[in-house]
Amino acid sequence: ASRTLYEAQQLGYRLNVFFMLMDNASRWNMPPRSWEGLTLDETAARIEDHTYTTARYFSDQGLNVEVYEIGVEIENGIVGFLPGERVPLPKNVNPRFSPAYLRQSVWPGETELLKSGIKGVKRANPSAKIALHVSSVLDYENNDSVQEAFYQDMLDEHVPFDYACFSLTYPYPNWPAGRM
């Protein structure tokens, strides 16, 4: 990663790094295997250490990373603290369409994890900007209310971020006309 960032910096690109917070891309939003079974507090400590160590490494390499994203597509939780995984999911609740459930059950723990990750980045690079990245508002009918509620909750809970980001939509077969 540092070589790619270095080459981009040499070409005049501005640098952005996102922390996947997983050890395998096929395990989306699941923790690295070495973090499995950790409590929320233990996971928060690992995230802080990981983001600090990584941001410090890039800084020590002379890389000017301006923006760090903590997780990716995180409105439904991160590192295994997800509905139906480590967070109880009541029957008949679809978290993709239930900001009230997410606000009550998922986001309280997630805010602590995000704050820890941000704290680690800021210790290593105080001028870094922080981005929070949700999935596309166009992926699911009426899902935009979850993303809007997510960012409002992060503001209400004083999660210090600078940018609200979202994934570009993926072209699906049978995509509703006019949604792209």
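The model is predicted: local features need pLDDT of at least 70, side-chain atom pairs count only at pLDDT 80 or more, and totals for chains, interfaces and linings use all residues. Residues are numbered from 1 along each chain as its sequence is written, and side-chain values use heavy atoms, with hydrogens and water left out. The protein chain holds four helices and four strands. Both are DSSP runs numbered from the N terminus: helices are H or I with at least four residues, strands are E with at least two.

**Overall fold**

- From the N terminus on, the element order is α-β-α-β-α-β-α-β.
- The protein chain has 180 residues, and 46% of them count as buried. Buried means under 20% relative accessible area, exposed means over 50%, and partly exposed is in between (1.4 Å probe, protein chains only).
- Take the contacts in the protein chain between residues at least 6 apart in sequence: 74% of them join residues at least 24 apart. Contact means heavy atoms within 4.5 Å.

**Helix α1**

- Helix α1 spans residues 2-10, and S2, L5 and A8 are buried in it.
- Those buried residues fall within an arc of 125 degrees seen down the axis of α1, so they line one face of the helix. The arc is that of the directions from the helix axis to the C-beta atoms.
- On the face of α1 turned away from the buried side sit the exposed residues R3, T4 and Q10.
- The cover over the buried residues of α1 includes β1 (15-19), α2 and β2.
- G12 follows α1 and has a positive phi, near 90 degrees.

**L5, a buried residue of α1**

- L5 lies in helix α1. Its relative accessibility is 11%, so L5 counts as buried.
- Leaving aside neighbours within four places in sequence, L5 is in contact with L15, N16, V17, F58, L63 and V65.
- L5 and L15 are ten residues apart along the chain, and their C-alpha atoms are separated by 6.8 Å.

**Packing of α2 on α3**

- Helix α2 covers residues 40-60 and helix α3 covers residues 99-124. They pack at an angle of about 25 degrees, with axes 7 Å apart.
- Axes are lines fitted to C-alpha atoms, for helices over the stretch in contact, and angles run from 0 to 180 degrees between N-to-C directions.
- The two helices, α2 and α3, are therefore roughly parallel to each other. Angles under 35 degrees count as roughly parallel, over 145 as roughly antiparallel, 65 to 115 as roughly perpendicular, and the rest as oblique.
- From α2, the contact is made by L40, T43, A44, I47, E48, T51, Y52, A55 and R56. From α3, it is made by G109, E112, L113, S116, G117, K119, G120, V121, R123 and A124.
- The residues of this contact divide into eight nonpolar, six polar and five charged. Ala, Val, Leu, Ile, Met, Phe, Trp, Tyr, Cys and Pro count as nonpolar, Asp, Glu, Lys and Arg as charged, and the others, Gly among them, as polar.

- A45 lies in helix α2. A45 is partly exposed, with a relative accessible area of 46%.
- A45 and G120 are 75 residues apart in sequence and 9.3 Å apart in space, C-alpha to C-alpha.
- L114 is found in helix α3. L114 is buried, with a relative accessible area of 0%.
- Neighbours within four places in sequence aside, L114 is in contact with I70, I74, I78, L132, F150, M154 and V159.
- The C-alpha atoms of L114 and I47 are separated by 8.4 Å, although the residues are 67 apart along the chain.

**Loop residues**

- L21 is in the loop between β1 and α2. Its phi is near 60 degrees, a positive value in a residue other than glycine. L21 counts as buried at 5% relative accessibility.
- V79 lies in the loop between β2 and α3. Its phi is near 40 degrees, again positive in a residue other than glycine. V79 counts as buried at 1% relative accessibility.
- N76 is found in the loop between β2 (65-70) and α3. N76 is buried, with a relative accessible area of 12%.
- Beyond its neighbours within four places in sequence, N76 is in contact with F81, L82, P83, P95, R96, L102 and V106.
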